Amino acid sequence: ELNNFMKNAGYDADSLRKSIGKKDFNIGLLDYFASNEAALFSMCAMTKQDINEFIKIWQANQNGCTLT
């Protein structure tokens with residue numbers, strides 16, 4: 001799934017490493033999972049993240065709330 005994200009976002013390995021933790025990267029990662037249901041369900045299952053909590057975070061970001 002990482003390769004799909006990198007391809008869709010235009011990252012190579014080096015630019016991905018440099019972007020981790022930056023706001024634009026975080027927003028892009030949220031958007032990627034929000035638009036890819038299979039990846040979202042898989043990620044939430046592997047990390048024991050509540051899907052509803054993820055959606056709340058993503059929606060708050062869409063409404064201009066700051067990511068922390």
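**Ground rules.** I am working from a predicted model, in which local features need pLDDT of at least 70, side-chain atom pairs count only at pLDDT 80 or more, and totals for chains, interfaces and linings use all residues. I number residues from 1 along each chain as its sequence is written, and side-chain values use heavy atoms, with hydrogens and water left out.

Entry 1: I started with Tyr-32, which is buried at a relative accessible area of 9%; I take buried as under 20% relative accessible area, exposed as over 50% and partly exposed as in between, with a 1.4 Å probe and protein chains only. I then searched the whole structure for aromatic pairs and found five, where rings of Phe, Tyr and Trp (its six-membered ring) pair if their centres lie within 6.5 Å, and planes under 30 degrees apart count as stacked, over 60 as edge-to-face and the rest as tilted. For Phe-5 and Tyr-32 I noted ring centres 5.3 Å apart and planes at 70 degrees, so this pair is edge-to-face. The pair links distant parts of the chain, since Phe-5 sits in helix H1 (residues 2-9) and Tyr-32 in helix H3 (residues 23-35), 27 residues apart; helices here are DSSP runs (H or I, at least four residues), numbered from the N terminus. Phe-5 also counts as buried, at 5% relative accessibility.

I next took Tyr-11 and Phe-25, whose ring centres are 5.8 Å apart with planes at 70 degrees, so they too form an edge-to-face pair. Tyr-11 lies in the loop between H1 and helix H2 (13-19) and Phe-25 in helix H3, so this pair ties together parts 14 residues apart in sequence. I recorded Tyr-11 as partly exposed at 22% and Phe-25 as buried at 8%. Ring pairs join Phe-5, Tyr-11, Phe-25, Tyr-32 and Phe-33 into a cluster.

I also checked Ser-19 in helix H2, which counts as buried at 14% relative accessibility. Leaving aside neighbours within four places in sequence, Ser-19 is in contact with Tyr-11 and Phe-25, contact meaning heavy atoms within 4.5 Å.

**Entry 2: the nonpolar core.** Which residues make up the largest nonpolar core? I listed twelve, among them Phe-5, Phe-25, Tyr-32, Phe-33, Leu-40, Met-43 and Phe-54; such a core is a set of buried Ala, Val, Leu, Ile, Met, Phe, Trp, Tyr and Cys residues joined through side-chain atoms within 4.5 Å. The elements giving two or more residues to this core are H1, H3 and helix H4 (37-47). Leu-40, in helix H4, is buried at 6% and, apart from neighbours within four places in sequence, is in contact with Phe-33, Ile-51, Phe-54 and Ile-55. Met-43 touches Phe-33 and Phe-54, not counting residues up to four places away in sequence.

**Entry 3: around H5.** In the loop between H4 and helix H5 (51-62) I looked at Lys-48, which is exposed at 76% and has a positive phi near 60 degrees in a residue other than glycine. Most residues other than glycine have a negative phi. Asp-50 caps the N-terminal end of H5, with a side-chain oxygen 3.0 Å from the backbone nitrogen of Asn-52. After H5 comes Gly-64, with a positive phi near 90 degrees.

Terms used
A polar contact is a pair of N or O atoms within 3.5 Å; within protein, one must be able to donate a hydrogen and the other to accept it, and residues adjacent in sequence count only if both atoms are side-chain atoms.
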